Every structure is written in C-alpha cells, then in structure tokens.
Amino acid sequence: YIMRRGSSGVYLYAILERLEGWPDMDMDQIRIVFKLQNDKFHFMAISDDRQRIMPMPRDRINGQPLAYPEAVLLTNPTNPQLGGDVDDKYQYSCENKDNRVHGWISENPPVGFWIITPSDEFRAGGPLKQDLTSHVGPTVLSMFTSTHYSGKDLNTKYRNGKPWKKVLGPVFVYLNSISSLEDPTTLWEDAKDQMSIEVNSWPYNFPQSEDFPNSDRRGTVSGQLLVGDKYISDKPMWASYAYVGLAAPGGVGSWERDAMGYQFWVQANEEGHFLIENIRAGHYNLYAWVPGIVGDCRYNVIIHIQPGCDVKLGVLVYEPPRNGPTLWEIGIPDRTAAEFFVPDTYPTLVNKLFINQSTHKFRQYGLWERYSDLYPKHDLIYTIGISNYHQDWFFAQVPRNMGNHTYQATTWQIKFEIENATPRTGDYTLQVALASASASELQVRFNDRRAKRPHFRTRLIGRDNAIARHGIHGLYWFYSINVPSRLLRQGNNTVYLTQSRSKSPVGGIMYDYIRLEGPPETGPSIE
C-alpha cells in the first residue's frame, strides 16, 4: 500500500512469487475487492453510458432467482423504480482495454470511490479479455486474472516446480468529494480526469520495490504492420487500427490464453504504424490482429527487451489465412458476434439500463432462450445473396429448448449456388472464425446433412460461458476447412453447421466470420 502526500487515495500492488520446486497449483482468480457501506453508496458508474442507481443486497435476497445464482429478478426492491429489473453482475463486465475507471457515488455525503487501472501490462488475456468491474454489494473489483469469459483455457497454472514472480499493479483507489449543493455526477467526470492523469504517469516512479521498473529500465518497440492478401489488393495494405502487442513467446494467438506473463498492447494508426513503450525487460513475441481481417498474426522472431532499448522492426507484412478467391462471406472478422442479430429480451426480464442502447443490447438476460421462440421447429436457414446477416443470422447457435429441461442440438444451413460451370478441380476452403465456444462441438457437412461422419468437426471445445454471461465474445477459435471439389456441385449447394452438444441451454457457439473460398485462380466472386 502506498499513500502519497497530497494524493486523495491509495495505491495498491502485490508481488506474487513461487520458488523453484513448489507443488503444482491452479489459481482461478487474483483480484482486489472492496465492499462499501450499502447505506451510503447507491449509484454505480462503469462508463459514460453504463451508470445507474443499483439495488440493495437484500433486494437480491428477496428477489426471484433465475437460471443461475448471479441473475435475479427484482420483485420487491427497496427502490420501487427498480421493480421488474434483472440484476446480474456480468451485465457490467468490461474488456480490459476499456476498463480504466469504475466505482460508486454516495449522495450523503457526496463522495466517490473509484478503482483506476492505469495499465493492462499485469492483466491476463490481452486487451479483449472481459472481466467484472463493480456490482451490487456495493462491490468494487480490480481483476488481475480470472477464468471469466474464458474458462480454464485462461487459468493461472503453476506447473513442474518452475519459479515465477509477477507484479500485479499498482492500481489507484481514488476518493473524491464535492459540496452538498453540487451535482453528484460531477464526481464521475472528476474520476475520469484523474484516470487520465494516472495513465499518463505510467509507469510510476515512486514504488520502491526493485521488482517494479521505472521508465528508465524499460524498452520500446516500433514498426509498421501491413496486410498481404493478393485476393484483396495487388500490393500490401495498411493494417489500419490493428491491435499490436508483446506477450510471452508462444504459438499464434497464444496471448489470449496467457495469464502468467506481462503483455503490452497498443492500437496502430490508420497506416499501421505502432509504438509500444515502457516494456519490461524480457523475451517476447510480437502478436497482432487487424479489424476486418481474419486470423491472428505473430512475428516469429523472439524480441529481447533490455533496459533503455529502442527496437525498430521496420515494415512487417501479415499474410492472413487465404487459399483462394472469396465466393461468399458472412459477418465481419472482428472477433465478436456484435454485427449479427441480437433479439429483444422478454419484457419481464429486462435491465432498464440497456433499453434503447443498441451497442449494449447483448447484455440483456435470457437472449439464448429467444432462439427457440424464433425457430420453434426448424433451424436457421441463410441464403447467400438474399439473406442479411444483420437480421437473419442469430448471434449464437444454441440448443433448442424442448421443454421439461431437455434440449435439442441445432443445425444451421447456408445455401448458395455455383453457376455456369461445374465446380473446378482443386480444393475449396471454408474459413470459420468463432467468437466464442462453450461446451460445444461444431460439425460441418456439405450437401449431405445425414452423412454419418461430418466432413469436419472440432470435437468438444470451449468453456468461456460468454452466452450466459452476456458477452458478445469469449475466446477466439479459427478453423481453415479443406473442401474437396467433389463435395460441391453445379447449381444449389448447402453447408450444414451442427452444434451437436445439447446438455445446457447456454452451451453453444458465437460465430465471428465465415468465408467460402474457391480454388486458386478461379473466376469472379459470388456476392
């Protein structure tokens, strides 16, 4: 704990260390938690568009439990205006990259209590990792690692007696106050101003621990990232607004499942230029992903960061997965299912905060149940050239509710035509990117729904539970599926996508992007 003269708050950090030879162990969550006085703090703020008066703890106890313990329907709350609302702490989750300040406001006296996180370098899972923020209690969290929205794929695992040490934080607990004549919501604006001050002061120069290096003992990496895809452009394109980061050496995309090391991420500019500053000494791979481009990028050379170094990588070209020209595509490759159809929830199960908020519509409770309402007997059919994925592609492929706590696997169809000639000799490719998977198995068949053996299957994948926890994505999964031309035919074709596991109503997958590619050097694409 660090208290500084003239500073309205306290800095907190932890140094976790395991010595060589210690036994194996898993640590699901590492976090700082504050419980505030529930007779004082009633107003919670997560962002400019997510802030509200919250229920009292006893309102949850007296409410109606829903499908899982975290979700409760408020039936007789202390504040009558909250009656009929659903309360669920996961509705207030946030991605690491956006989680800089959150907390609570007391009206009497008018005081704010805030958690400010000036850097993500010590958080697990990279910039898109979602985690809890504040919720009923009043509870305020600073999450360092967890299995939320990832499952055990992003667990902190200590194995084989390997020594390990990591500094978590510092984070800043900030308190502010105003006179009783002022608007209490100005405390939120002040907290945001303080957040900017803390971010611009990182890395702090006042921690005395040798394990926390100041800026003089850190390094810098810069470069430009381009995208090379000859089926889009003859010349490499700018990797506009790519997310570029350094994380522990590993396989392609391994950063998203890493909880042990430090990570350093920035967003490139329009031309793909990036500058990563204040990197701790160590050995890293450079990773990236580009909005609008499928797949994960990894620079294969290990980057060695030494104190004071300035590594200039020059121009790097990412060649995304591609085997042939695009025949058709569904969705936007952005690692989420946000562009697909998200239904209205049931009128009796709303959180009023998210009414008329299209960007947060997916946070409403019970949306998975709406699939069975919209498709009570027959599953989704999507026709290339006719259907619109904003309206006709449900955001999650979940089992159908058959009643009596039984569920049925679902099979979606993509119908398309190959015109003018028989399919050419050579292999086609179906590129499939998943934004989430939870206790699911994707099976893919071409033109034969009843084929005993699918042409492709993932087997059991995913434990991120993002569907139940109101996340529009969890962990990213990518599959490049070879499609021999003998499986296709002139005229009408159908791809069958089966999610074969049906034990849970919230088990399923969310798609990010699907693309069918023809053999190399085929003719024009089919829209």
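Five cavities of 30 Å³ or more are found in this structure, which is a predicted model. A cavity here is a set of points, on a 1 Å grid over the protein atoms alone, where a 1.4 Å probe fits but cannot get out. The structure also holds 29 salt bridges and 0 disulfides.

Two notes on reading the numbers: local features need pLDDT of at least 70 and side-chain atom pairs count only at pLDDT 80 or more, while totals for chains, interfaces and linings use all residues. Residues are numbered from 1 along each chain as its sequence is written, and side-chain values use heavy atoms, with hydrogens and water left out.

**Cavities**
- The largest cavity has a volume of about 50 Å³, where volume is the space filled by probe spheres set on grid points joined across faces, edges and corners.
- Its lining consists of G125, L128, K129, Q130, Y149, L154, E256, H473, G474 and L475; a lining residue has an atom within 4 Å of a point.
- By class, that lining has 4 nonpolar, 4 polar and 2 charged residues; Leu and Tyr count as nonpolar, Lys and Glu as charged, and Gly as polar.

**Salt bridges**
- Side chains of opposite charge can pair when their charged atoms come close.
- A salt bridge is counted when a side-chain nitrogen of Lys or Arg lies within 4 Å of a carboxyl oxygen of Asp or Glu.
- D379 pairs with R400 in one of these bridges, with the closest N and O atoms 2.4 Å apart.
- This pair links distant parts of the chain, 21 residues apart: D379 is in the loop between helix 3 (370-374) and strand 26 (381-383), and R400 is in strand 27 (residues 400-403). Helices (H or I, at least four residues) and strands (E, at least two) are DSSP runs, numbered from the N terminus.
- D379 is buried at 14% relative accessible area, and R400 is buried at 2%. Buried means under 20%, exposed over 50%, and partly exposed in between (1.4 Å probe, protein chains only).
- K97 and D98 form another bridge, at 3.1 Å between the closest N and O atoms; D98 is partly exposed at 46%, as is K97 at 27%.
- R515 and E517 meet at 2.7 Å, N to O, and both are buried.
- A network of salt bridges links D229, R322, R515 and E517.

**Cysteines**
- A disulfide would be a pair of cysteine sulfur atoms within 2.5 Å.
- C94 is buried, with 9% relative accessibility.
- C309 is in no disulfide, and the nearest cysteine sulfur, that of C297, is 20 Å away.
- C309 is buried too, at 18% relative accessible area.

Methods: 1 Å grid on protein atoms, 1.4 Å probe; cavity = no way out; pocket = protein on both sides within 12 Å on 5 of 7 lines; lining within 4 Å.
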